[in-house]
Amino acid sequence: MTDFARSTESGSQSGAGAAVEPAPRAGRASGGRPSLGNTGAITSVGSLMWMGVLWLVVAVIFAIVLGVLAATDGSLDHSLWQRAVAGWQRWILLAAGVTMTTTFGPMLVGNGATRARLASASAVAMVVLALAGSLFITVGYGLEGLAFDGLGWRHDLRDGQDLDGAAGYARLGAGYLALFAAYFASGWLIGIARGVLGSDDFVVLIPPAVVPAAVAELLLMRDLAGLPFGGRGFGWVPEPAYPVGMLAVVAAVVVAALVARRATRALTFPLGTPRPAD
Amino acid sequence: MPAMAYGIDIAGLTVRHRGGTAAAIDDVTFSVAPGRICGLFGRDGAGKSTLLAVLAAYRRPSGGTVRVDGEDPYENARLMSGTCLVDEGGGIGIEASTKVREVLEIAEMLRPNWDPAYAEALLERFEVPREQKVDALARGRRARLAVTIALASRAPLTLFDEPHLALDPPSRQIFYDELRADLDRWPRTVVLAGAAADEADETASLVDDVLVLRRGRLLAAAPAARLRSLGSEITGPADAVAAFVAETFGARVLDAEGGGGIGSGDTGGGGTGGGAGTAVLADRRVGRLRSVVLAEPVPEDRLAEADRAGLDVGPVPLRDFVAHLSSDDQREAAP
């Protein structure tokens, strides 16, 4: 919390509206700057505030369900975390990517940041949120594995694979990191398309915007991560070796970030106002 | 240390919206010197918000040049950081689901000249609760938050897109007092946009320069004092006023019922043509007294006659001039 936050909190204790007297004349400037650190902190922490709450709720519900199963002598032989939690987290990252333009665009540019800085701050958020999401998923698998071991249950994934020790978890974490970054990048591009073209016309740009997510779905550990689409109608697409798939996803994310940075320059604020004609 | 006041130089500025039929801003040229307070007037749709959005680099112009402190503000990190634009909702930077306290924390993180103590004092004066969410604030309170942000940001170019118009009269007076006092300590360039003529009167004591827009075109860009000197207000017994106006400016300036119409002619553009072309900006009666505001100064050699007739001759209220210039009936540009 900033000093200002503390001071305003203490100030609010005294009750608003009590004083009707001139504001002090000897104030001093102590503001910050729209630096990469500050803007990146706003996009990252601002997103984690709602994502963190969501993850906390999900974790609590998951623990309750697992507890009930254990208490009622039920049993599982496949990961519940994979089926109930891990699969849909990508949509959370997609939504977070969209808000980079819809929420943080006006907030940062309205407070003096350039669009280029907005793009950089969004890239920082992409890395931070993908890391956080990957950590959440991987730790969830790990804790579930410990619980299953304690209960004497098998801890297999959907296709019967086992998470092979620390290396397996590291591989899984890296895969989710890339997957989440790809989904975030797609959401980021969708948000920019909507910001630039408006809510009616941006639909035509959705197909190219989802390319990073599609690349991740098709080329990266369809089996291990239990991707919802991979293998369901797309089984004919040969899945490359893990490092190749990872490189392809990273490349797609980097290209998406460069495109996003470029397209961000065309944003007109307030969002939704007509674009200028050239 | 960055410049504390940015100058504005705009030449041939044109903004056309994609798909729009008319230009939102049409070939506008003006300058505002650093440290001036500029009143920007015009009716809804005149182009005020678009002009402010261009100055704040929220949008790119379609044509012309925009210079703020000598440079193009679009994607200019120094200038965008030194420019603050607020409207009655607080501006585009405010996320409605955040608390007032969080809005100020964000401003403090990003605004180089942010003064937290001043912001806190202003919140107290304006009675804005810090822990309330922005979307839970009434319109007037949001406007108070908006002017708090603008004042405490101390941006070298501070743009008000009518937030002060949503303030109740006591809060508006506080705002004017604070603006005047803080500008003494932190000189900066201020643009105060207003829609209606009434605000011109309220801000008359504040503004150094006046810009009047109508349908995207600039009708007047002049120091406020010069605009006032271009006209005259004649007050006195109704019959004496009518006779004096007829003798001085022409018999047809006021009609038979004495109800001169606003916008009935040219504003003079600095000239003193007189005759039937003289515009009547306002014509008011209170009992036997009548006050006529004309877009022409009373010639020096007629002042003694006015005095003999028991008439008061004074400068034009800014409100009347702005109302006339921004009227749809207006045909020609003023100075």
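How much space lies in the largest cavity of this structure? The answer is about 130 Å³. Please keep in mind that this is a predicted model. Below is a friendly tour of the cavities, then of a sheet in chain B and a helix pair in chain A.

**The largest cavity**

- The structure holds three cavities of 30 Å³ or more, and the largest of them contains about 130 Å³ of space.
- Its lining is made up of 18 residues. Those that lie nearest the centre are A:N111, B:G93, B:I94, B:V103 and B:I149.
- Sorted by class, the lining of the largest cavity has ten nonpolar, six polar and two charged residues.

**The second largest cavity**

- About 50 Å³ of space lies in the second largest cavity.
- From chain A, the residues A:V109, A:G110 and A:G112 line this cavity. From chain B come B:A56, B:Y58, B:M80, B:T83, B:C84, B:L85 and B:R111.
- Strand β5(B) gives three residues, the largest share of this lining.
- By class, the lining of the second largest cavity has six nonpolar residues, three polar and one charged.

**The sheet in chain B**

- Strand β5 of chain B turns up again in an open sheet of six strands, which follow the order β5-β6-β7-β3-β8-β9 with mixed pairing.
- β5 and β9 (217-223) of chain B stand at the edges of the sheet; each has a single partner strand, so one side of each is left without a neighbour there.
- On average, neighbouring strands of this sheet are turned by 15° against each other, direction ignored.
- Within the sheet, strand β3 (residues 37-41) of chain B runs parallel to strand β8 (residues 209-214) of chain B, and four bridges join the two.
- For a contact to look up on screen, take B:G39, whose bridge partner in β8(B) is B:V210.

**A helix pair in chain A**

- Helix α2 (residues 36-71) and helix α6 (residues 115-151), both of chain A, pack with their axes 9 Å apart and at an angle of about 20°.
- Because of that angle, α2(A) is roughly parallel to α6(A); angles under 35 degrees count as such.
- The crossing of α2(A) and α6(A) is right-handed.
- Where α2(A) meets α6(A), the contact residues divide into 19 nonpolar, seven polar and two charged.

Notes: Residues numbered from 1 in each chain as written. Chains lettered and ligands numbered in written order. Predicted model: local features only at pLDDT ≥ 70, side-chain atom pairs only at ≥ 80, totals over all residues. Heavy atoms only, no water. Axes fitted to C-alpha atoms, helices over the stretch in contact; angles between N-to-C directions. Parallel < 35°, antiparallel > 145°, perpendicular 65-115°, else oblique. Left-handed = near helix turned anticlockwise from the far one by under 90°. Nonpolar A, V, L, I, M, F, W, Y, C, P; charged D, E, K, R; others polar. 1 Å grid on protein atoms, 1.4 Å probe; cavity = no way out; pocket = protein on both sides within 12 Å on 5 of 7 lines; lining within 4 Å. Points joined across faces, edges and corners; volume = space filled by probe spheres on them. Pairing = 2+ DSSP bridges.
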